[in-house]
Amino acid sequence: YGTNGKNAGEGARAPGDASIAIAIEDHYRPLGPNDRVPTDPVAVCVALADKLDSLVGFWLIGEKPTGSSDAYGLRRAALGVVAILQTTGLRLPLSQAIDAAINTFKGSHEALVGAGINVLIDLQEFFADRLEVQLRSQGRRHDLVEAALNDDDDLVRIVARVEALEAFLKTEDGRNLLAGYKRAANILAAEDKKGALKDIDLAAPVDAKLLKEPAEKALHAALEKATPAAKAAVEKEDFAAAMSALAGLRAPVDAFMTDVLVNAPEPDLRRNRLLLLSRIREGLAAVADFSKIEG
């Protein structure tokens with residue numbers, strides 16, 4: 001961890017006396033939501049290591065918070081980790097950090113570490129809950145946090161995704177595209193409930209030769225353009241650009257839902273149109289889990 005608040009690179013220097021003194025002072029910070037967050041690189045490392053060690057150690061012996069009981073302040077420790085990562089912008093995938101902490105218990109506690117994979121999964125969920133609490137206290141919607149998690153464990157990236165989602169859903173394109181997504185998802189869910197999807201591979205490509213209506217042709221063309229653009233933007237962590245790419249789907253999705261009969265009497269047409277609905281769901285899932293978004 002370098003002096004600029006980002007990941008350490010080559011040439012990192014050994015800590016001086018001042019950094020060591022600050023680390024001793026800030027070891028347990030933040031002590032609560034209104035306490036200051038360590039920013040000195042050495043203090044950040046010490047504070048994170050202490051909190052992760054405590055969390056993993058108590059999890060390994062089955063002493064995790066239950067209900068309102070949290071005798072060892074583990075919720076506060078997890079919130080402290082979240083606050084430090086948010087404040088410093090440190091890119092620390094939590095799965096790697098938790099796994100490293102588990103490995104420190106190997107040897108004298110080998111039997112406990114055998115349950116490490118369960119601890120890893122459970123602690124990741126615990127951190128996700130704490131992140132939601134933290135962001136809600138900052139005025140963020142809980143459903144957008146859940147949608148942005150999307151199997152991600154990089155808190156900096158998750159927060160950026162939440163902010164982009166929030167801005168997108170304030171636009172008319174965002175609201176209407178969410179409505180179109182929900183209609184597509186509901187149709188697929190209803191067909192699945194009837195057993196109509198059991199012989200359909202929803203990951204199969206759409207057959208362009210079976211596209212008859214102008215609206216379905218337009219939707220297919222829009223998906224072919226927007227989905228890879230959104231995925232590429234997500235890989236670059238440019239979530240605003242990803243949302244902009246998805247915005248291009250709004251009009252074609254609206255037209256498809258209005259003008260095209262999905263449950264066509266011809267089996268091939270019906271299958272192909274269900275695949276188009278699946279592509280809508282897949283395209284949006286590249287950016288966030290829209291099924292978690294309310295409204």
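This is a predicted model: local features need pLDDT of at least 70, side-chain atom pairs count only at pLDDT 80 or more; totals for chains, interfaces and linings use all residues.
Residues are numbered from 1 along each chain as its sequence is written, and side-chain values use heavy atoms, without hydrogens and water. Local features need pLDDT of at least 70 and side-chain atom pairs pLDDT 80 or more, whereas totals for chains, interfaces and linings use all residues.

In helix α1 (residues 17-26; helices are DSSP runs of H or I with at least four residues), Ser19, Ala23 and Asp26 are buried, that is, under 20% relative accessible area with a 1.4 Å probe and protein chains only, where exposed means over 50% and partly exposed in between. These three cover an arc of only 80 degrees around the axis, taken from the directions to the C-beta atoms, which puts them on the same side of α1. Asp17, Ala18, Ile24 and Glu25, on the other side of α1, are exposed.

Arginine 273, in helix α13 (residues 267-285), counts as buried at 5% relative accessibility. Its side chain joins that of glutamate 216 in a polar contact of 3.0 Å (N or O atoms within 3.5 Å, one able to donate a hydrogen and the other to accept it).

The structure holds three aromatic pairs (ring centres within 6.5 Å; planes under 30 degrees apart are stacked, over 60 edge-to-face, the rest tilted), including these two:

| Pair | Centres | Planes | Class |
|---|---|---|---|
| Phenylalanine 58 and tyrosine 72 | 4.3 Å | 20 degrees | stacked |
| Tryptophan 59 and phenylalanine 126 | 4.7 Å | 55 degrees | tilted |

Tryptophan 59 lies in helix α2 and phenylalanine 126 in helix α6 (residues 116-137), so their pair ties together parts 67 residues apart in sequence; both residues are buried.

Methods:
Helices (H or I, at least four residues) and strands (E, at least two) are DSSP runs, numbered from the N terminus. Rings of Phe, Tyr and Trp (its six-membered ring) pair if their centres lie within 6.5 Å; planes under 30 degrees apart count as stacked, over 60 as edge-to-face and the rest as tilted.
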